[in-house]
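Good morning, and thank you for making time on the agenda.

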Amino acid sequence: MSAHCQLTGARPGFGNNISHSHRRTSRRFDPNIQRKRYWLASEGRHVRLTLSARAIRTVDSIGIEAAVARIRARGVKI
């Protein structure tokens, strides 16, 4: 599963681990991605979304219908 959010578009960030001696090695900052299933009443079916924890709170705030409209406006197929 790729680590990106369908609603917000959050993707991994990249940086460095810095040791005590200041040697740098590559690292990756992954977003907190969860797979969550919602009931989409307008289509009479469940949709399974890959969302970050922040996006789950956004769906709780604006509702699943508005969230699906934003996802589709980004060009993501559901």
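Predicted model: local features only at pLDDT ≥ 70, side-chain atom pairs only at ≥ 80, totals over all residues.

K36 lies over the face of Y38, at 5.4 Å from the ring centre; a charge counts as sitting over a ring if NZ of Lys or CZ of Arg is within 6 Å of the ring centre and within 35 degrees of the ring normal. A second case is R27, placed over the face of F29 at 3.8 Å from the ring centre. A search of the whole structure for aromatic pairs, by contrast, returns zero. In that search, rings of Phe, Tyr and Trp (its six-membered ring) pair if their centres lie within 6.5 Å, with planes under 30 degrees apart counted as stacked, over 60 as edge-to-face and the rest as tilted.

Residues are numbered from 1 along each chain as its sequence is written, and side-chain values use heavy atoms, with hydrogens and water left out.

Let me stay with Y38. Which residues does Y38 contact, leaving aside its neighbours within four places in sequence? They are R45, H46, V47, L49, L51, I56, V59 and I64, where contact means heavy atoms within 4.5 Å.

Y38 also belongs to the largest nonpolar core, which has 17 residues. Such a core is a set of buried Ala, Val, Leu, Ile, Met, Phe, Trp, Tyr and Cys residues joined through side-chain atoms within 4.5 Å; buried means under 20% relative accessible area, exposed over 50%, and partly exposed in between, with a 1.4 Å probe and protein chains only. The members that touch the most others are C5, L7, Y38, L49, L51, V59 and I64. Two or more residues come from each of β3, β4, α1 and α2, and α2 gives the most, with four. Helices (H or I, at least four residues) and strands (E, at least two) are DSSP runs, numbered from the N terminus. As general background, nonpolar side chains in soluble globular proteins tend to be buried together.

I turn to the helices. In α2, residues 64-73, the buried positions are I64, A67, V68 and I71. Seen down the axis of α2, these buried residues fall within an arc of 100°, so they line one face of the helix; the arc is that of the directions from the helix axis to the C-beta atoms. Their cover includes β3 (33-40), β4 (45-52) and α1 (53-62). Just after α2, G75 has a positive phi of about 95°.

In α1, A55, I56 and V59 are buried. Their arc about the axis of α1 is within 105°, so they too line one face of the helix. R54, R57, D60 and S61, on the other side of α1, are exposed. The buried residues of α1 pack against β3, β4 and α2. G63 follows α1 and has a positive phi, near 95°.

Is S52 buried or exposed? S52 counts as buried, because its relative accessibility is 5%. Apart from neighbours within four places in sequence, S52 contacts C5, T8, N32 and I33.

Strands β1 and β2 run antiparallel and are joined by six bridges; two strands pair if DSSP finds at least two bridges between them. G13 has F29 as its bridge partner in β2, and N17 stands opposite T25 in β2. G15, in strand β1, is partly exposed at 23% relative accessible area. Between G15 and F29 there are 7.6 Å from C-alpha to C-alpha, at 14 residues apart in sequence. Not counting residues up to four places away in sequence, G15 touches T25, S26, R27 and F29.

Phi of H22 is near 75°, a positive value in a residue other than glycine. H22 is exposed, with a relative accessible area of 53%.
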